[in-house]
Amino acid sequence: VSEVEALGVFETYSAAAAVVAADNTVKTSLVQLIEVRLARGMCGKSYMFLSGEVAAVEAAIRSAEKALGDGGMFLDSSVIANPDEKLWKTIV
């Protein structure tokens, strides 16, 4: 990732839901998928990091939430505009 305008974090209750969400984000928005961490911790919780323009990251996260539907697999998400360099170094 060359320039970081926004960092998106998307967390799910299952590895399968994270794969669906990650696939959806890169197909629907101009974002870069940084990493998908599958089944980390108890009960298979998974999460992904993505980067891009703030509006694109927000749109990607909304789209991923919609793709998971009402199945209850979405846990939480966050968009951080202009993340600090120290934070960025801990992720990549």
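I began with Phe10, which is buried with a relative accessible area of 1%, where buried means under 20% relative accessible area, exposed over 50% and partly exposed in between, with a 1.4 Å probe and protein chains only. I noted that this is a predicted model, in which local features need pLDDT of at least 70, side-chain atom pairs count only at pLDDT 80 or more, and totals for chains, interfaces and linings use all residues. Residues are numbered from 1 along each chain as its sequence is written, and side-chain values use heavy atoms, with hydrogens and water left out.

**Entry 1, aromatic pairs.** I found two aromatic pairs in the structure, taking rings of Phe, Tyr and Trp (its six-membered ring) as paired if their centres lie within 6.5 Å, with planes under 30 degrees apart called stacked, over 60 edge-to-face and the rest tilted. Phe10 and Phe74 make a tilted pair, with 5.1 Å from centre to centre and 40° between the planes. Because Phe10 lies in strand 1 (residues 6-12) and Phe74 in strand 4 (residues 74-81), this pair ties together parts that are 64 residues apart in sequence; helices (H or I, at least four residues) and strands (E, at least two) are DSSP runs, numbered from the N terminus. Phe74 counts as partly exposed, at 26% relative accessibility. Tyr47 and Phe49 form an edge-to-face pair, 5.5 Å centre to centre with 80° between the planes, and Phe49 is buried at a relative accessible area of 9%.

Of its 14 residues, Phe10, Ala21, Val31, Met48, Leu50 and Val57 touch the most other members. Strand 1, helix 1 (15-28), strand 3 (46-52) and helix 2 (54-68) each give two or more residues to this core, and helix 2 supplies the largest share, six residues. In soluble globular proteins, nonpolar side chains tend to be buried together.

Which residues does Met48 contact, leaving aside its neighbours within four places in sequence? I listed Gly8, Val9, Phe10, Ala21, Ala22, Thr25, Leu33, Glu35 and Val36, where contact means heavy atoms within 4.5 Å. Ile61 has its place in helix 2 and is buried, with a relative accessible area of 4%. With its neighbours within four places in sequence left aside, Ile61 is in contact with Gly8, Val9, Phe10, Ser77, Ser78 and Val79. The C-alpha atoms of Ile61 and Ser78, which are 17 residues apart along the chain, are separated by 8.5 Å.

I placed Gln32 in strand 2 (residues 32-37), where Gln32 counts as partly exposed at 41% relative accessibility. The C-alpha atoms of Gln32 and Gly8 are separated by 10.0 Å, and the two residues are 24 apart along the chain.

Where is Asn82 found? I located Asn82 in the loop between strand 4 and helix 3 (85-91), and noted that Asn82 is exposed, with a relative accessible area of 60%. Its phi is near 45°, a positive value in a residue other than glycine.

Notes. A nonpolar core is a set of buried Ala, Val, Leu, Ile, Met, Phe, Trp, Tyr and Cys residues joined through side-chain atoms within 4.5 Å.
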